[in-house]
Amino acid sequence: MRLGSIILTVALCSFSAYYIYEPIPEEIEERWKLMLTNSFFRSLSHLADLSELLGLKDYMGVMYFITLAEKVVPVSDEHVKVTEEKFDGVEVLLYQPKHRSGDAELRRAVIYLHGGGWCLGSSRMSPYDLLARNTVTELGAVVLSVEYRLAPAHHFPVPYEDVYRVVKHFLQKGVLAQYSVDPGRIAVAGDSAGGNLAAAVSQQLQKEPGQIQFKAQALIYPVLQALDLNTPSYQQNQDMPILPRTLMVRFWSEYFTSNKALFRAMMANTHNNPESSSLLKFVNWSAFLPETYHRKYNYSAPAVLQGVGGEAVGMDGPSRSFADPRASPLLVPDTALRSLPKAYILTCEYDVLRDDGIMYVTRLRAAGVEVTHEHYDSGFHGAMMFTMWPTDFLIAHRMGDNYIKWLKENL
């Protein structure tokens, strides 16, 4: 009996070690903490796959547990006043400083858009609540955190349109005056899918004459294009923790449609059609990535298939959507970049989205836009939001501090 117990214990330990351990680059700090954290994400992903296979609940419905587990009820404290509002029908959380040096003093403002692949996430998650409070106390700013609707219940362009409506409402002179916000000191910021939405709404605003414009945009490891899902960073980091290539491709496909045909085509990088092929020049990484990021990879233009958009997913739907700059901000021509606000772009070495951010840095600078590019050689996707116990990482606090420092100096 004792021998059997020992064998069972050894077997369980061995299985646990096998499941938890994964090869993570030595450059990443706190590797074992990341392994343990990612084992939870992988377990949930496997459960979501099984649930969808059995017809119990769709994949994203199960993965939404991550959002629910970190949700809090944002409340006011001694320094920050928190209120829940609706701007043009869209839920927002408004964070304002309680103490002001003078009643006539106008304040800075940051519109923040959470990440989560357009399918997960919430402004009410504890890391976003903490970031908003830190921004308010460090900058004396008003922070507007947007609770946009999510896919797959609300496919593109609904999340973008929710954000755009909030931005347009907030940037009205009367609304800014109500919250004592300086019209010349407003920024938009977001991480991951939120960075995508921030970039897209910045581009849209600058097309509108007479519209109050952003002074700055901060894009934290943003996702910026859906045409080439085989860039060097997608290949190098396809099995990295938190956001492997398969999950990012699933986020993209679910943003556009629940038809699994698009997911399969995107996984094979064969989802482009003649309509989107004319835009591939804007995501040619051999031209826009510095040589150091090419590594061992050679550029090969994504395949363009005549039947993909029409037969698999509907020519009037997703195939047009992923070529839409509101979904893929990297696809706009150079002329549309020249009048954009100064930008802070954060990228991580061990992130499938690394090259999206770096290509945007290259193109913005070439168009004459002032860009601060902060690249973390030991960074991984989502790192800045790992600020709460038990998944708090040192790099997350450095990223958050540097982001707020840049806002303080540039807004």
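Buried means under 20% relative accessible area, exposed over 50% and partly exposed in between, with a 1.4 Å probe and protein chains only. This is a predicted model, where local features need pLDDT of at least 70, side-chain atom pairs count only at pLDDT 80 or more, and totals for chains, interfaces and linings use all residues. Residues are numbered from 1 along each chain as its sequence is written, and side-chain values use heavy atoms, leaving out hydrogens and water.

Q: Which residues of helix H11 (residues 260-267) are buried?
A: Ala261, Leu262, Phe263, Ala265 and Met266 get that label.

Q: Why does serine 192 count as buried?
A: Its relative accessibility is 7%, and the cut-off is under 20%, so serine 192 counts as buried. You'll find serine 192 in the loop between strand S5 (181-191) and H8.

Q: What makes the link between the side chains of serine 192 and histidine 381 a polar contact?
A: The term needs a pair of N or O atoms within 3.5 Å; within protein, one must be able to donate a hydrogen and the other to accept it, and residues adjacent in sequence count only if both atoms are side-chain atoms. The serine 192 and histidine 381 side chains are joined at 2.9 Å.

Q: Why is H6 called oblique to H8?
A: Helix H6 (residues 158-170) and helix H8 (residues 193-205) pack at about 55°. Under 35 degrees is roughly parallel, over 145 roughly antiparallel, 65 to 115 roughly perpendicular, and the rest oblique. That makes H6 oblique to H8.

Key
Axes are lines fitted to C-alpha atoms, for helices over the stretch in contact, and angles run from 0 to 180 degrees between N-to-C directions. Helices (H or I, at least four residues) and strands (E, at least two) are DSSP runs, numbered from the N terminus.
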